[in-house]
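Here is a short walk through one protein chain. Keep the sequence and the 3D view at hand as you read.

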Amino acid sequence: MQHPKKSQQKKMKSQMNRQSPLTLVTTVVLLGVVLTHLRDPQDAVADSDKTSVTKVFNIKNFGAIGDGVAMDTQAVQDSIDACHDAGGGIVRVPAGDFQIGTIILKSNVTLSLDHGASLLGSTDVADYPTENLSRPREGAAHCLIYAENAKNITIEGLGVIDGRGTHENFPRNRKGGRNTGIRPRLMRMESCQDLTFSGVTYKRPAFWGLHLIDCKNIHFSAVTLRFRNNNYNNDGLDLDGCENVLIENCDLSTGDDAICLKSSKNPCRNIVVRGCKMDSNTAALKFGTSSRGGFIDVTVTNCYFHDCPMGAIKLQSVDGGRLENVDISRVKMKDVGCPIFIRLGNRGSTFGDGRESPPVGTLKNIRISDVVAEVTIEDRAKAAEAVYKNLKVDPTPGVTDNEKSKAGPIMITGIPGHFVENVVLENIKISFPGKGTEEDARRTVAEDIDRYPEQFFFGVLPAWGAYIRHAKNIEFKNVELTLRDADERQKVVLDDVEGFVDL
């Protein structure tokens, strides 16, 4: 047992270590220590475990203006470089609108944005140089925030990082004119480790959002994404070949997939997603299509997926990887398209490394439980108004085949000779819109073995509840599938399935 006096002394020492930043600054000055770049008491941060002060580098002390007009790239980069060279610390972004081009984060740097602070991406592609950036395996190199082979990086605070990557600023076409079709990512980090993202709101990337490649030990907490109806390909969190990832309590609204696990080379492994809200013009949660390395040991729980007209959960292995040991539970879905799409295919992409196409991968050991979902047919007029400005309202009366295919059933499908295996769906309750015709019930479904896999590419399926093909050991336990309107198709269609159990 600890001696009472020693315990009291330890408590007093702990309280002293937690004194205010201003007190600590005063103490340090009395000791004759000079604190470089600290001109504001708020720029001193106490470390409760060490009697020391974390160095803080206010970007305004390096010449940043923050009026939304001046280019502050160099000031922000100088702050980052000074922080890194000093052994690490905090780069503080105070309230203001700081316009920047590409900045490069470095090891042991915390980029901290005050409430009211915004980093605004330049709308001129000339401010996104690539000579010091590696070429990614997918897409062009341009990005707003970059890091490579770095460790211990944090982006935190209550501020905003806004790429301003609208159609007007970064058009997709490559026919010349302003910015010539180049669309920078909001962020790209390659081969980094010990990364923390906390609290910041990210907005309007011109291309993908937060793209992490071959990174390890990553924590996203209370991050907000606002990408929807901004530009093309506005994925939310793209994690390519990443390991040891926790994504929790995030609010993700995106144009393309909200959370997209990719594996263009290495596997995604040991991923946990919990307590998140997601909406997307495509899918809330997607594995693939980049799937060469595979996806192993992934847990998703206690999430809300809403307003995802092209599907909610998509698990895809089409480039030779292993997709195994996935547990998804406690998910509520509202106004989504195809609720669950599980696809093993043989696209066989090598992502430009010159090697031969890989053999067909594996997809097995999937458990999805405690799901309540409402599948709806997208309002085409609303979609045309909200998504991309060049969309026109389809004048066809009634429900089109395209709309029905996007609001299709559960689909689990491999390819001939290669089965999806060991899938358990338990405690599932899904309401479907119906409207299938007798003609729909007679439809033949193409194999599309090597095609890019979106469920609606298969067209209207001959089942309204579940279509399962080239699969083995599929279990439905307490699965309730219901209709809100008449449908002439079968509830469940099985094709080349071994060991289907419906309890």
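The paragraphs below cover strands, aromatic rings, charges over rings and cysteines.

This is a predicted model, in which local features need pLDDT of at least 70 and side-chain atom pairs count only at pLDDT 80 or more, while totals for chains, interfaces and linings use all residues. Residues are numbered from 1 along each chain as its sequence is written, and side-chain values use heavy atoms, with hydrogens and water left out.

Start with the strands. Helices (H or I, at least four residues) and strands (E, at least two) are DSSP runs, numbered from the N terminus. Two strands pair if DSSP finds at least two bridges between them. Strand β28 (residues 322-336) runs parallel to strand β30 (residues 362-375), and 12 bridges join them. Here Glu324 stands opposite Lys364 in β30. Strand β30 is also joined to strand β32 (residues 420-432) by 10 bridges, again in parallel. Val371 faces Ile428 of β32 across this pairing, standing opposite to it.

Now turn to the rings. A pair of aromatic rings is described by the distance of the centres and the angle of the planes. Rings of Phe, Tyr and Trp (its six-membered ring) pair if their centres lie within 6.5 Å; planes under 30 degrees apart count as stacked, over 60 as edge-to-face and the rest as tilted. By this rule there are 10 aromatic pairs. One of them is Tyr128 with Phe170, edge-to-face, at 6.1 Å centre to centre and 85° between the planes. Tyr128 lies in the loop between β9 (117-121) and β10 (143-148), and Phe170 in the loop between β12 (160-162) and β13 (185-190), so the pair ties together parts that are 42 residues apart in sequence. Both Tyr128 and Phe170 are buried (under 20% relative accessible area; exposed is over 50%, partly exposed in between, with a 1.4 Å probe and protein chains only).

Phe197 and Phe220 are stacked, at 4.6 Å centre to centre and 10° between the planes. This pair links distant parts of the chain: Phe197 is in strand β14 (residues 193-198) and Phe220 in strand β17 (residues 216-221), 23 residues apart. Phe197 has 1% relative accessibility, so it counts as buried. Phe220 is buried too, at 0%.

Tyr452, Phe456 and Phe457 form one aromatic cluster. Charges sit over two of these rings (NZ of Lys or CZ of Arg within 6 Å of the ring centre and within 35 degrees of the ring normal). Lys406 lies over the face of Phe456, 5.1 Å from the ring centre. Arg451 lies over the face of Phe457, at 4.4 Å.

Last, the cysteines. How many disulfides (pairs of cysteine sulfur atoms within 2.5 Å) are there? The count is zero. Cys83 is buried, with a relative accessible area of 0%. Cys308 is buried, with a value of 0%.

Notes: A disulfide is a pair of cysteine sulfur atoms within 2.5 Å.
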